[in-house]
Amino acid sequence: MVLAFVVLGCDSGSDVLIETPVTGSTAPNQARLAHTEGVNPRLLRRFKPLRADFGDPTRAQVDLGRMLFFDTRLSKDHDVSCNSCHALDHYGVDNQATSSGTNGQHGRRNAPTVYDAAGEFTSFWDGRAANVEEQAKGPLINPTEMATSPEAAVRTLTKIPDYVDAFHAAFPDHAAIMFDDVAHAIGAFERGLVTPSRWDRYLAGDRSVLSAKEIVGLRVFTDAGCITCHTGELVGGSMFQKVGVVAPWPNQSDHGRAEFTKVSSDDMVFKVPSLRNVAKTGPYFHDGSVATLPDAVRMMARYQIGEELSDADVASIVAWLGALTGDLPATYIQPPTLPADPP
């Protein structure tokens with residue numbers, strides 16, 4: 001995710017209404033481009049402006065989490081950090097199909113953005129982690145990513161006096177560093193990675209911030225049924241959905257949630273990611289198989305709703321998705337000075 005994203009258009013049959021209906025003999029695509037005013041308030045209530053943060057951790061926990069996020073010493077060979085795959089100055093991704101971990105190994109799923117991820121209803125493409133704190137443990141111990149172990153990570157941090165002090169400040173009730181505290185601190189930092197955008201100002205009432213083309217894109221997006229899955233505060237991130245609703249998904253090597261749950265009905269089911277910042281987070285889908293956003297939009301229409309979108313409709317949707325690109329919190333994501341190794 002990400003989103004890279006899995007589902008852009010889901011089941012058709014959205015209940016979205018348009019305040020000014022299109023009538024007469026105008027062709028559908030021309031009609032959409034001709035009417036750019038009067039988005040129905042019922043449509044906008046399906047979305048919500050982005051909140052200021054996704055939790056209320058202590059300052060000490062956030063500061064510790066920021067250091068851990070950037071520290072390569074948490075990986076087995078001291079060569080990979082969280083920021084290596086989720087580069088905070090590049091919208092929380094590495095723009096690779098699959099990320100390079102320790103010893104140059106690659107996993108099989110695309111690294112989704114960490115921005116706004118704490119607001120999603122679950123973590124990982126298959127939803128196997130309940131929240132960002134639980135998710136933070138996965139890459140640390142994954143043999144193709146950071147390839148450490150809970151014991152090794154704790155040993156490394158315990159040898160660094162300034163980290164011992166930082167953990168004590170963040171978790172004063174704990175006599176020693178615990179692996180759960182490592183994940184808790186990283187999650188605490190990620191809960192502040194929010195990216196408000198022009199879309200939020202539009203939802204708050206400033207109708208001047210979106211262009212006519214972006215408004216058309218919003219209408220095409222909802223008319224196609226994409227809003228069925230991509231809705232709410234994050235324009236996604238709130239449900240699971242099967243890829244290949246109307247036609248089999250091309251890549252059948254990754255069966256998604258079923259590999260975790262062992263339930264047949266979860267075959268080819270993935271988390272619907274947020275579309276916030278999607279213009280910046282390619283390549284797309286859980287396998288990073290599509291390089292450009294227009295191609296991703298076309299593919300979603302084809303496999304999720306059985307529709308071949310026109311070039312004009314694709315361009316309009318892409319224009320609106322660009323309005324979801326947010327502002328990076330420049331001060332919050334500044335790389336910290338890391339605790340020094342002992343002499």
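**View 1. No disulfides turn up anywhere in the structure.** A disulfide here is a pair of cysteine sulfur atoms within 2.5 Å. This is a predicted model, in which local features need pLDDT of at least 70 and side-chain atom pairs count only at pLDDT 80 or more, while totals for chains, interfaces and linings use all residues. Residues are numbered from 1 along each chain as its sequence is written, and side-chain values use heavy atoms, with hydrogens and water left out.

**View 2. Cys 82 and its closest cysteine sulfur.** Cys 82 is buried, at 13% relative accessible area. Buried means under 20% relative accessible area, exposed over 50%, and partly exposed in between (1.4 Å probe, protein chains only).

**View 3. Cys 226 is buried.** Its relative accessibility is 5%.

**View 4. Thr 281 sits in a loop.** The loop runs between strand S2 (269-271) and helix H12 (293-305). Helices (H or I, at least four residues) and strands (E, at least two) are DSSP runs, numbered from the N terminus. Thr 281 is buried, with 2% relative accessibility. A polar atom of the Thr 281 side chain lies 3.4 Å from the backbone oxygen of Asn 277.

**View 5. The whole protein, for context, has 13 helices and two strands.** Of its 343 residues, 53% count as buried. Among contacts (heavy atoms within 4.5 Å) between residues at least 6 apart in sequence, 75% join residues at least 24 apart.

Notes
Polar contact = N/O pair within 3.5 Å; in protein donor to acceptor, adjacent residues only side chain to side chain.
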